[in-house]
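Let's take a walk through this model together, one chain at a time. Keep the viewer open as you read, and turn the view whenever a new residue comes up.

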Amino acid sequence: MLISMTAARHKLAIVWFSGAGLTFAALLIITTLGNNGHGPVLWDWFLPAVTPNLSLIVGVLVSDLRNKATQGESVESFMYHLALWLSIAYLLLLFITPLLSPFTNAALDVDLQNSKLPLSLVQALATTALGAFYVQRESKS
Amino acid sequence: MIFSGCSMVSAAKKWNRQYLFLFTLLAISFFPTIARSADGVAVGFAKKAVGTLVVVRADGIEERLSGKGRMPLFEGDVVRTDDNSVALLELNSDIQVGLNRSTSFKIVSRWEKANGITRILRLKEGMLWVKTSGGVKQLEVETPVAIAVVKGTEFIIEALKDGTSNLKVIEGLVEFGTAFGTCPIRTSTVSHAEQGKKCTKPVVADVTPAANWTAALLDTKASKNGGGTIAMAAPAPPAPALPIFWPPPDASTHQKIPRALLVPDNTHAQTWANVAARMEKALAKNGYSSPGYYSVPEGFALISQLERINPDATPTPPNERWKIKVDPASIVPFNLGAYLKALLGKDAGYFRVIAFVFTPVSIVTSGAEANIEEAKLWVGQGGTKLPRILSKQLYGEDMVATALIYEFEIPSHGEAARLNKPSEHNGQQHLKAAKILQALGG
């Protein structure tokens, strides 16, 4: 099954910016209204988790806008769907991790530290799927 | 025959020479004793040793005493006990000197035109108990870092292995000095001296237990019960004196407590025990129990247990007031409010310890920041009450009661505690919130 490359790329960008934006907003509320002094820890945890992929997506979008190379191009949907669902799963995990903290016995910074390993695993899968998706497109071009 | 007669004369001469030699040898052997006896300068006597007392004379000859006796002591003698021995000496009939275990000192003297002979005990190591009677004595005890000049008293002086010295005055007055100055140490006070420093300010303490080991020497009831063996003579474990809370660590805030609240009836002399009892009663009325007693210079301190307080300095409800831990905010029953409270870290905890210090000495804190982990233990490590000797002390006009308030904050569950310095509330607000001033009648 084929899918429009431009539409796929736009959907992935929307998913990533929405997910990262929602988590960003949640953390902003926690650091602004909270009195636990966890601000630096939260941002240290969040920024490395999203900035590499967001930079990649923005870079590709800007490149495509300049080159207009992908207009009307279609690609196999499997890699797109894999990248999309892994991204959604990853961003969902990123969003709920700090929000689940009240249900644990540990302090928020400890929860964030503990979440780093499983999140890195999912992040690696999502990033690999995104990369594979772009490689697929390039091979076809 | 002539030959044999000659040989007899020769044999007789030989015998005479042998006797002469033996006599000379004996005379030489006894010479020091004879000479000493002729001098008549015995400075005292060793009267009793439980175990063995060793006296090393100036000429290197060692003499020993076990049990009771009357061994003369001379200037220049080194007197020592081993790990299992204690001994009693008497100098000039009215100075008693006890040697605890592993103690060694040398007897020397100083002559001054104005004062005559001053006997000096040069303590190398160990512990001496000294008791004088009949007025001021010309006696000094030197340690490697300090000197104690006796003014008619009973005291214990100790030369520790780390080179420092302690002086505990049981009764009377002793001038304790180092190269950096002297301090008069009075009854029931303790001072410490170390190299390169002035002796410390005297701290009131129950010093009598320190002399427990002398019971075996002084034929007191305790020693009579025993059989005079070393095992029986072993010093009884001393009753612990109050630990010292001085200088106190930095506090969040402090507040003087008006004297009228502690001594409402000024017509009668009040003792430290009266004031402590009044303070304890006021604390008990507000839920505090078992304060810890500490010693401070010329006074005492009473420390309340660590309690959890509300942000407005009032105590939290009893079910969580004495809980030292900050639990995460409860999300049971679950609702949005509880959840947000837990998420946003509204589970901070405030804690407080109040140290009531009663002393005429100005309080200068140590500069060290108080630690909640140490503060937790203050009550447990303190005495449960004032020792008898301190409780009888008069609460003088110059005594000042100061409440040092230590406020700690644990910002969130799992976070480290920090001292709030300064506190958002002043000392009076803290004492009022704890209703302590009210309970005292303020």
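**A guided look at chains A and B**

Chain A has a secondary structure of four helices and two strands. What you are looking at is a predicted model, so please keep that in mind throughout. Starting at the N terminus of chain A, the order of elements is β-α-α-β-α-α. Chain A has 141 residues, and 43% of them count as buried.

Two packed helices are described by the angle between their axes and the distance between the axes. Here, helix α1 (residues 5-33) of chain A and helix α2 (residues 39-67) of chain A have axes that come within 10 Å and cross at roughly 160°. Angles over 145 degrees count as roughly antiparallel, and α1(A) and α2(A) are therefore roughly antiparallel to each other. The crossing of α1(A) and α2(A) is left-handed. Sorted by class, the residues in the contact of α1(A) with α2(A) are 19 nonpolar, five polar and two charged.

In an unreviewed UniProt entry, the annotation "transmembrane region" covers residues 12-33, 45-65, 77-97 and 117-135 of chain A. Two of these spans can be followed in the model. Residues 77-97 of chain A are 100% helix and 0% strand, with their end C-alpha atoms 30 Å apart. Residues 117-135 of chain A are also 100% helix and 0% strand, and their end C-alpha atoms lie 27 Å apart.

Cys183(B) sits in strand β13 (residues 181-186) of chain B and Cys199(B) in the loop between β14 (189-193) and β15 (203-204) of chain B, so the bond ties together parts that are 16 residues apart in sequence. Both Cys183(B) and Cys199(B) are buried.

Other pairs in chain B are separated in sequence too. Gly126(B) belongs to strand β7 (residues 116-132) of chain B, and its relative accessibility of 13% is why Gly126(B) counts as buried. Between Gly126(B) and Thr103(B) there are 3.9 Å from C-alpha to C-alpha, though the two are 23 residues apart in sequence. Leu390(B) is part of helix α9 (residues 388-391) of chain B, and Leu390(B) counts as buried because its relative accessibility is 0%. The C-alpha atoms of Leu390(B) and Glu298(B) are 9.9 Å apart, while the residues are 92 apart along the chain.

Finally, have a look at the backbone. Most residues other than glycine have a negative phi, and most peptide bonds are trans. A cis peptide bond joins Trp246(B) and Pro247(B), with omega about -15°, and Pro247(B) is in the loop between α3 (230-233) and β16 (253-257) of chain B. Another cis bond joins Lys421(B) and Pro422(B), with omega about 0°; Pro422(B) is in the loop between β22 (418-419) and α10 (427-433) of chain B.

Is Ser290(B), at 52% relative accessibility, buried or exposed? Ser290(B) counts as exposed, and this non-glycine residue has a positive phi of about 45°. Ala313(B) has a positive phi near 75° and is buried, with a relative accessible area of 0%.

Terms used: Residues are numbered from 1 along each chain as its sequence is written. Chains are lettered from A and ligands numbered from 1 in the order in which they are written. This is a predicted model: local features need pLDDT of at least 70, side-chain atom pairs count only at pLDDT 80 or more; totals for chains, interfaces and linings use all residues. Side-chain values use heavy atoms; hydrogens and water are left out. Axes are lines fitted to C-alpha atoms, for helices over the stretch in contact, and angles run from 0 to 180 degrees between N-to-C directions. Angles under 35 degrees count as roughly parallel, over 145 as roughly antiparallel, 65 to 115 as roughly perpendicular and the rest as oblique. A crossing is left-handed if the near helix is turned anticlockwise from the far one by less than a right angle, and right-handed if clockwise. Ala, Val, Leu, Ile, Met, Phe, Trp, Tyr, Cys and Pro count as nonpolar, Asp, Glu, Lys and Arg as charged, and the others, Gly among them, as polar. UniProt positions are given in the numbering used here, feature names are shortened, and annotations may be inferred rather than shown by experiment. Buried means under 20% relative accessible area, exposed over 50%, partly exposed in between (1.4 Å probe, protein chains only).
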